[in-house]
Every structure is written in structure tokens, then in C-alpha cells.
Amino acid sequence: MKRFAALLDSLAYQPQRNGKLRLIEAYLRDTPDPDRGWALAALTGNISFKHAKAGLIRGLAESRVDPVLFGLSYDYVGDLAETVALIWPAKPGANRAPELSEVIETLNAASKADIPRLVESWLDALDPDGRWALIKLMTGALRVGVSARLAKTATAALGGQEPDEIELVWPGLEAPYENLFAWLEGKAERPSGIARAPFRPVMLSHPIEDRDLAQLNPHDFAAEWKWDGIRVQAVSDHGEKRLYSRTGEDISAAFPDVMDLLPDDVALDGELLVFREGAPATFNDLQQRLNRKTVTKPMLRDFPAGIRAYDILHQGEDDLRPLNFRERRARLEALLTTAARDRLDLSPLVPVTNWDDLQTKRSNPPSPAVEGLMLKRWDSAYLPGRVRGEWFKWKRDPHLVDAVLMYAQRGHGKRSSFYSDYTFGVWKGAELVPVGKAYFGFTDEELKEIDRFVRNNTENKFGPVREVTHTSETGLVFEVAFEGLARSARHKSGVAMRFPRINRLRWDKPPRDADRIETLEAMLA
Amino acid sequence: MRAEQILRTTPAGLYCPRGDFYVDPVRPVARAVITHGHADHARAGHGAVLATPETLAIMASRYGAEFTSNRQAAAYGARNTINGIDVTLVPAGHVLGSAQAVIEVSGKRVVVSGDYKRRQDPTCAPFEVVPCDIFISEATFGLPVFRHPPAEEEIAKLLRSLKTFPDRCHLVGAYSLGKAQRVIAHLREAGYDAPIYLHGAMQKLCDLYEALGVRLGDLRPAMDMMKTPLTREVFKGAIVLAPPSALNDVWSRRLGDVVTCFASGWMRVRARARQRLVELPLIISDHADWDELTETVQEVKPGALWVTHGAEEALVHWSNSIGIPAMALNLVGYDEEGAGETPPAAEPAA
């Protein structure tokens, strides 16, 4: 555990990607099996314990520390694991500190009733860094700035392999990955034949602005609607079917209705959407299905999900990624002529004559589930990552309103010393009503200015939240940009914003000139 | 006599109406008692200043000899009288010359701790416990998450890193008054006798410490070695001390490949270290941690505890829970809310 704690600790302080890679690689090289495999599982988000939850940790801490002091400390530190790790009272003469594999194997085998006692004894035995690592591990969110992809890249480097080689074998592997390390260290064959339906790293696009289009030739590009769902990769392979998020996270279990739709032996790239009578519904509907481990029958009935496909990466025995977009598109269209069905269909191309014409089409999308256009070079091969100059996303212009800062909350993590989360409102009669919350869109310099404004104009303090002066004469006006608006029973104003962010600070504008709720209500219609 | 008649809060700071003087006022006043030389406690422009000889020397070094028209040097333990009120300065263990102000009015004793710590510090006299009716404590680290490890361990961490990265300059951020000299003194205690390079802003105070009898060893201006690529070679594997504001400044670019270190109690919290882009956090503080604060209150056993600048709420809660009535004094001007919360540039010594 000590070595793993030191790894997490150094990763947390290492700002550079290359530095992080070196640290992980060195750890994997120097640490024996099975500890290193469990560490890799933790870094790639492949560890979860049924009975070890944040609530349990919190409960243990509160049984050892005055709850008021715990609450104040947690508000200040802004991170449960770190708060408990630091506040845990040292116990002289505790047991020896456990090894990483010992912790994992014991937790996996232990009954629910035994877990609090086990965890408590480990917390006593570890130092603050060890406690922090243990809690991070148990609650499943390491937050040391390492993605699964980065961890796999470091693992690949161990054996001089490309990270994509790891992705290909990954679905067939199980922690603690002893066969993987044996292969990478040249002691065994590549783990093969067991990897069915692997994830293939997705190709990403760059945002493009209207003014940049002039430099591109419209004839080089295909255009598609940019659907407002989530990007997925659906893979079927000799009867094995998997659905991946764009980062390679396996989300199959939450979408049995989508799995049923997949044709045999293909890998499709497309948008996951909720469908109603053959038409995609808004993101708001899809959201009901996201971030769930499983799904209920009423959910499947009320929010049926499907895929609007726009690329094909693999078919039968053929890797189609080296083909250009035109050829892949032809393969996709041919497949879906026969395989298309309700909730699995083809994302249509939007004809491109010139940019002005396309601009007009972008402003008049055929569906509320469209958030702009995608431009893809006809001759682009399917390459992993954000390849320059091949694919572009041309988003619809956001909606803008002027709203008044009402409450500010201290941020978490790196921003825990700043008031960085803002609740803002618009006028309803003579009163401001909150319409949303945003915590990005501003520069570091602007953050300092807002933070200063909040501190100098505080009306009330509620723990980490401050009520900020917001009269018709005094207050800070934000120009807020957002993607869409939905009715909401949860908000006093009756509306909820999608993807709100601070577009501009309007120091020049008195709060009385901010927008009114009627402006937002008009957008709902 | 009611407590407020001895000391009360005013916009200028803590005020003693019977003696007509302020303690650590944040605005210019006619008569001030200054606990120590940090800028948020010791400001220029007061009519008369009573402080330890060291604090007076520090203020003169920072603000010029004209920082006040009337200096009154008060040695530790010597009784002074201001308009008939007894004021005694007692060591606070915070930085060189730092003192608690012991104020006695009609048989009641109030102790204004100023900033203090209870750890060993080779650069200043240790804190002395003075039993009293009212103890006014700081609470910079007034939360039980703040438990500073022994300074020797943190110094060992720095020396270990120097061994691991012998080609990288170790740039240590430390406040110019107190922390810098303490880090140097601890390094010397640990047997590190190589030259230590200083940012220009630290030179004067290090010279003053030496003049006041604190041995700091071989110190050299970093600037002299920054001039040519050849001389910059000396920074490889060397320790350079700079004020925190210079850590991520263009100044540091000429030091080559740098391990950014920061010596501060705030380094206990990861988010703070990351915010400063620190690679090697050194948890070394001149303020009492939670255990030191609570132990001090229990030793001083005051009739009442008043808590100033820092995380007042937690210490007040704890004190009330052990039967010592406590309240928060909302003094303005000492970096309200415990210092580190304001954006980094304004962070006070910690």
C-alpha cells in the first residue's frame, strides 16, 4: 500500500503528461505481481467494491471525530478522502500497514458486516498518505489526473508496444493482469483469441468557427448533423456485444435495448439517443438513462435508446479504419440498407454546395436534437485521437442571456480557495430568481476578479456558500451562454439550462438591466 | 471589569480604551503595540510603537528608519506602562522577535498571542505559557486536518529529493521573514553546509537575522550566478530560496530545470500545493497546528478564549465543548478567513 500511496501522491503533484507516464511506468516496472496489476486496475477504473462506499468512510470518521469539526474540515478541504485521511486520529501501536493486494482481496472476500471493522483497522495502521490512497481506492475515484488511456499508454511502454495494442487485448483481460505483464516483459505469448469485441480508440474533431471556413474547400467535405446525444462505439464480434463510451468505458449493462439492435460482426461509431417514433429526442430525455449501472423496465419503456450511426470501423474480418471516409460511408450505407430498424438508423448526409448555404441549413436544423454540423474530409482515414485538419465540429451558436450573480460557492480540487461556482438569476417582477449554475467559461484572471467581488460583497455566509449582493443597483452581471432550455420542476424559475457557462463579465451593466424570466420562457416555446 | 473595557475590536484593530493604544492596528494610529514584524501585523505610520528590539529592527529594515516617530523597545519579560496600563511582551515562538502582548488592567490579565507556534525553531525564542483571564488566539490552522509533521522530516524530504535529482535546481518558496531563515537554519542543523542561493528580496532580512545573532551559514545572491549560461551551472543540484510570488515568475526561468518546492503549512492540503504548481510540498509552518492550538488553550487555561484570524469557527466550537467559553473576534485586515483562501498573491506568511 505504501508504494501505491507514493505513486498516487506523486501523480497528484505531477502536472505533466510525460512525467505521469514515467511515474506509472516506473511503478509497474518495480512493483511485483499482483500488486501492480491491482494498481493498473485502479488507475483504469476497473475496481469497485460493493460494500465499501463513501458513506461508510464518512461514518467511520464521524464516529472518531466530532461531527461539527468534521463538517467544517470537509467544507474547507473539499475532498472527502483527503479530509478523512488528514483528520483521522493517530493510534499508537496499531497493526502493520497492509499491502495493496491484501486490501483488495480482503475487501472482495469480506462480508458487508465485516467491512467497517477492517477499514477502521487499516486507517489506524496507515499514515495520512496511505489513508488517502486507501479511501481513493475504495470509493473508486482516484482523481490524480490519469485517464484509463494514459495508464494503458504507460503499460504499453513497459513492453515497447503501442497503446492501441493494449486496447485490442484489454476486453479479454482480468485484473490483476498477470498474463498482460508477462507478455509485455517477453515472458509469455500475447494474450490472444480471448479478446472479443474490443474498443477501438475514437477519432475526434476540432471545433471550427464561421470565419475559419473560408480556408477550407467545401468540396473536400461531407457534412452530417451533429446529434445532441453521446458518442458511442457499438461492437459485435462472434456473438459478443459491447457498447463503449468514447473513452472506452463499457456501458453495455445499462443499455440492453441497444445491444439487441446490433447486427453481427461490426463495429459502429454513432450517437446514442432516445428515440420517439423514429425521431431522436433531446438530450434531456437521454440524460434519464445516463450514469446508471443498470436499467429498469419503466425506463426502457419511457426512454427507449438507440443509435444513429455515422461510421463503420470493422466488418466481418476487415478492419475498415484505413479506408477513407467515402469508402467507409458506402459500407455503412450498404449495411444499414438491410440492417436498419427502429432505433438503429443512418445519420443522413447534409448536401454541401457552399459554406453560406450550409450556414443557412445549420441555422434551421430539422430536429431539436441537432446541436450543429460535423464536417468530415471525404479522404480521411479513421485515426485515433484529435487529428488536425480532418474532422470539424461546427456548433450552433449558443443562446445568451444576461443574468445576475446571486450565490457563489467555493470550488473543489484545485479551485478550493476560490469562489468559483456561481448561481445566477434573472428578474421575475421585482425579484431575482435563480435560473442556473456555472463554474467555467472565465479565465484565471477573471476568476480572481470575481472571487474578489464575492468576498467584498458578501451578504450572508452558509458554510462554503456566500450570498452575494444582488440589488437592482449593485451586483455582478454575467453574460451566460447555454445550449438549450428545458422545463424543470426542481428550479424555482421553472426552467433548467443545458451546458451553461460564463461567456463574458458585464462589469459595465447594472443588475436592473439584466434579462427577465419572460425572455427565457419565450425560448421554451 | 468587563472584558470590553480592557480590549475591544474597532475598524483599526484591537483597542485598549484605558491605555489608549492598539495591538497590531491595520491603520495608522497614535500608539501601537506590535507583536511581530509580518506586514499584516506591523504597518508603518503609527505615532508611537512599542515592540521587541528585534521587531523594531525588522520594521526599520522593511519600512525605513522613519516608520514611526517614537520607538519604544520592550525586552521579553520587562514590564512597560502605557498610560498607566501594564504591558509585557513574552515570546510567541513565531518568528525572530515575535511576542505575545500581556495586558493587565485592574487585576485582569489579557494575553494577545499574535501569531505563534510551539515547535522547535532555531531562529527564535520559544513560546511561553502565560495563564490569563482572556486568551486571544490566532487560528490560521484552526481545523483538525492541519497537523504539521516534524520539520526535520520535511527537511529530510528535501535533501532526499536533492539526491534523487542531483541535476535539478530545488527552488524553495518561503516567506521572506521567518520562514526563509528557519528553513536555512534547519538545513544547517541537518548538516547541509553547501552555499544556499537567495532571491534578492530575501537578502536584507537574512543579513538582519545574522546581525541579530542567528547563524545562517554560506548564503549567496542567486542573481550573481544568473548572468551567464556558464555560471548558471551552479544551480544544478543547488537550493535556491525565493519568496512564494517568485516561484512561477519569469525570474525562475534562468534556474534551468527546477523542482518547485514550497515551505508552508498550507501544503498539507493537496489542492493548495497543486494550485501553486508545486512538485515538492514541504509542510513547514510558523503557525500552530490544530494540536498546538488546542494544547496551548488547555495549558493557558483562560477564563475565556477569543479567536482571531483563521478558521475561528472550529476552535470556538471545540473550546466551548471543553467548557472554556469562546467567541470569534471578527477583526478585519488580517486576511480574513484564514489567509490561504485569498488568491495566492495575497497569501500571508504561514
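This is a predicted model: local features need pLDDT of at least 70, side-chain atom pairs count only at pLDDT 80 or more; totals for chains, interfaces and linings use all residues.
Residues are numbered from 1 along each chain as its sequence is written, chains are lettered from A and ligands numbered from 1 in the order in which they are written, and side-chain values use heavy atoms, with hydrogens and water left out.

Five strands of chain A form an open sheet with mixed pairing, in the order β2-β14-β12-β3-β11. Its edge strands are β2 (206-207) and β11 (349-350) of chain A, each of which pairs on one side only. Helices (H or I, at least four residues) and strands (E, at least two) are DSSP runs, numbered from the N terminus, and two strands pair if DSSP finds at least two bridges between them. Strand β3 (residues 221-227) of chain A meets β11(A) in the antiparallel sense over two bridges, and A:Glu224 has A:Leu349 in β11(A) as its bridge partner.

In β16 (residues 258-263) of chain B, six of the six residues are buried, a term for under 20% relative accessible area, with exposed meaning over 50% and partly exposed in between (1.4 Å probe, protein chains only). In a regular strand the side chains alternate between the two faces of the sheet. In β16(B), both faces are covered: B:Val258, B:Thr260 and B:Phe262 lie on one side, and B:Val259, B:Cys261 and B:Ala263 on the other. Strand β12 (residues 169-173) of chain B runs parallel to β16(B) and is joined to it by five bridges, with B:Thr260 as the bridge partner of B:Leu171. Strand β17 (residues 280-282) of chain B also pairs with β16(B) in the parallel sense, over three bridges; here B:Leu280 is the bridge partner of B:Cys261. Together with helix α7 (residues 270-275) of chain B, β16(B) and β17(B) make a right-handed β-α-β unit. Right-handed here means that, with the strands pointing away from the viewer, the path from the first strand over the helix to the second runs clockwise.

Several loops hold backbone features worth a look. A cis peptide bond, with omega about -5°, joins A:Asp33 and A:Pro34, and A:Pro34 is found in the loop between α2 (17-30) and α3 (35-43) of chain A. A:Leu100 is 66 residues from A:Pro34 in sequence and 8.8 Å from it in space, C-alpha to C-alpha. This leucine, A:Leu100, lies in helix α7 (residues 100-109) of chain A and is buried at 1% relative accessibility. A:Pro176 lies in the loop between α11 (163-169) and α12 (178-184) of chain A. The loop between α11 and α12 of chain A also holds A:Tyr177, which has a positive phi of about 55° although it is not a glycine. A:Tyr177 is buried, at 3% relative accessible area. In chain B, phi of B:Lys301 is near 45°, and B:Lys301 is exposed with a relative accessible area of 62%.

Charged pairs complete the picture. The whole structure has 61 salt bridges over all chains, each a side-chain nitrogen of Lys or Arg within 4 Å of a carboxyl oxygen of Asp or Glu. One of them links B:Glu299 and B:Arg118 (3.2 Å, N to O). This pair connects helix α8 of chain B with the loop between β10 (108-112) and β11 (134-139) of chain B, 181 residues apart. Another salt bridge joins B:Arg147 and B:Asp291 (3.0 Å, N to O). B:Arg147 lies in the loop between β11 and α3 (151-164) of chain B and B:Asp291 in helix α8 of chain B, so the pair ties together parts that are 144 residues apart in sequence. Finally, a network of salt bridges links A:Asp9, A:Glu82, A:Asp129 and B:Arg270.
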